[in-house]
Amino acid sequence: MKQFDTAVRAQRVVLPDGQRPATIGIRDGRITEVATSEEAAARLVGAAEFLIDIDADFETDFGAGAGAGAGAVVLPGLVDTHVHVNEPGRTEWEGFDSATRAAAAGGITTLLDMPLNSVPPTTTVAALDAKRSAAQGRVHVDVGFWGGAVPGNIEDLGPLAEAGVFGFKCFLLPSGVPEFGHLDDAGLRAAMTRLAALDGVLLVHAEDEELLRAAAAPAGRSFARFVAGRPGSAEVTAVSRVVAAAADTGARAHIVHVAEADVIDVLVEAREGGVRITGETCPHYLTFAAEDVPDASPQFKCCPPIRDRANRDRLWAAVAGGQLDAVVSDHSPCTPELKRFDTGDLDQAWGGIASVQVSLPAVWTMARARGHSLTDVAQWMATGPAALAGLTRKGSIAVGYDADLCVFDPDGSTPVRATELLHRNPVSAYDGMTLSGAVRRVYLRGQYVDGHTPIGQLLRKGSP
């Protein structure tokens, strides 16, 4: 019997300490050896039942010119900890089959599903069971679940944690769906107190409701007026409230989808003071600028909103400097009708950007132009998100980790046509763009993800 099921060999592999030639030994879906010397690589290949030679396969499958002479790069499979699948209950918006096929096509091998906008939301163990039942046997990548913290479910947080959710999501203002209520200050602190005892993390949509009310004015078709109605000060104020609650309770908090760069200073100061708080941003905040968004374009509506170029530059500096811990999609789709393309009315349109399939090329397009490497991108989109969620076997190409691999052509291109994307509805802010780089192939625990056979597993926090 051979020592390894499979050996994966490539000249360009992104390892935790940088990019180099490597051969990866896989047994029972796990990485059991990473050889970086020629001698060790030859021994590993000889001990494997099956060899995947990425460079040879790349030339054969995609053509000698496909990589502009550079060849493919093997990245750790990406980890997207912010995805709204919406099944059950709003499966016409998105479902597990379509969302995970799109994720795999985008190089994502693990995603965590948000507790809304499904019906019921994941705020009880019974609702979690319903969600797992809907996903069972239908996922093309590995899927875990966040629970929800809403008014009245404080006694459900412990049982949900025991049932394997990775943490809890809350809102500090109306969520947009009636079945997922938001927490006031007392509710925020009660949830944090309970989660501190559980050593759990609270994910927070942080915008201050009072400041939004004060700024509110009809936006109609004007994107500039829509952005003005959700000022950055509302994010800063809300994050400051979360910091105060985390400091008082000792709980761990995470700010989702940071759009306002002024938030960074609040997070940095809090961490320097010992508060356990982290933050993420999203590809659309790193790609688009409010000045460039046409009016009556609801495909760009999200909350918090896309802000101006100067703000985008500061977000990039925070990602590059490690002040933000992850870049994740916040894939939040809906039906075309709910986007109100008929009127272009931004007040009435559902807020959310569907991007799970294009996150990697979108980030790489901007990152490469700014002088960043694929090693950086892997940290932001694989290693960082995995660490935030406590996914101890995901996000790196290293011994003991799942053999989740993304074969990426950095010099290829991804033309985006919304009608050809694999998520359920043909709506995308990236429609018509040509992004840099192309995902060529994805392996989950060493097995090729073909987009037809669902081979993903449902994950539980703390399970091996």
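Predicted model: local features only at pLDDT ≥ 70, side-chain atom pairs only at ≥ 80, totals over all residues.

**Rings first, then a helix**

I started with Phe300: its relative accessible area is 10%, and since buried means under 20%, Phe300 counts as buried.

The ring centres of Phe288 and Phe300 are 5.1 Å apart and the planes sit at 90°, so I wrote the pair down as edge-to-face. Both residues lie in the loop between helix H11 (283–287) and helix H12 (309–321), so the pair ties together parts that are twelve residues apart in sequence. Tyr430 joins in as well: ring pairs link Phe288, Phe300 and Tyr430 into a cluster.

How many aromatic pairs does a search of the whole structure find? I got eight. One of them is Phe96 with Phe145, edge-to-face, with 6.2 Å centre to centre and 75° between the planes. Phe96 is in helix H3 and Phe145 in strand S8, so this pair ties together parts 49 residues apart in sequence.

I also spotted Arg90 over the face of Trp93, 5.2 Å from the ring centre.

Then I turned to helix H6, residues 185–198. At 1.5 Å a residue its 14 residues should span 20 Å, and the end C-alpha atoms are 20 Å apart, which agrees. Which residues of H6 are buried? I listed Leu188, Ala191, Met192 and Leu195. They cover an arc of only 100° around the axis, which puts them on the same side of H6. On the other side, Ala186 and Ala197 are exposed.

Last entry: Asp199 follows H6 and has a positive phi, near 55°.

Key:
Residues numbered from 1 in each chain as written. Heavy atoms only, no water. Helix = DSSP H or I, 4+ residues; strand = E, 2+ residues; numbered from the N terminus. Expected span 1.5 Å × (residues − 1). Buried < 20%, exposed > 50% of the residue type's maximum accessible area, 1.4 Å probe, protein only. Arc of directions from axis to C-beta. Phe/Tyr/Trp six-rings, centres within 6.5 Å; stacked < 30°, edge-to-face > 60°. Lys NZ or Arg CZ within 6 Å of the ring centre and 35° of its normal.
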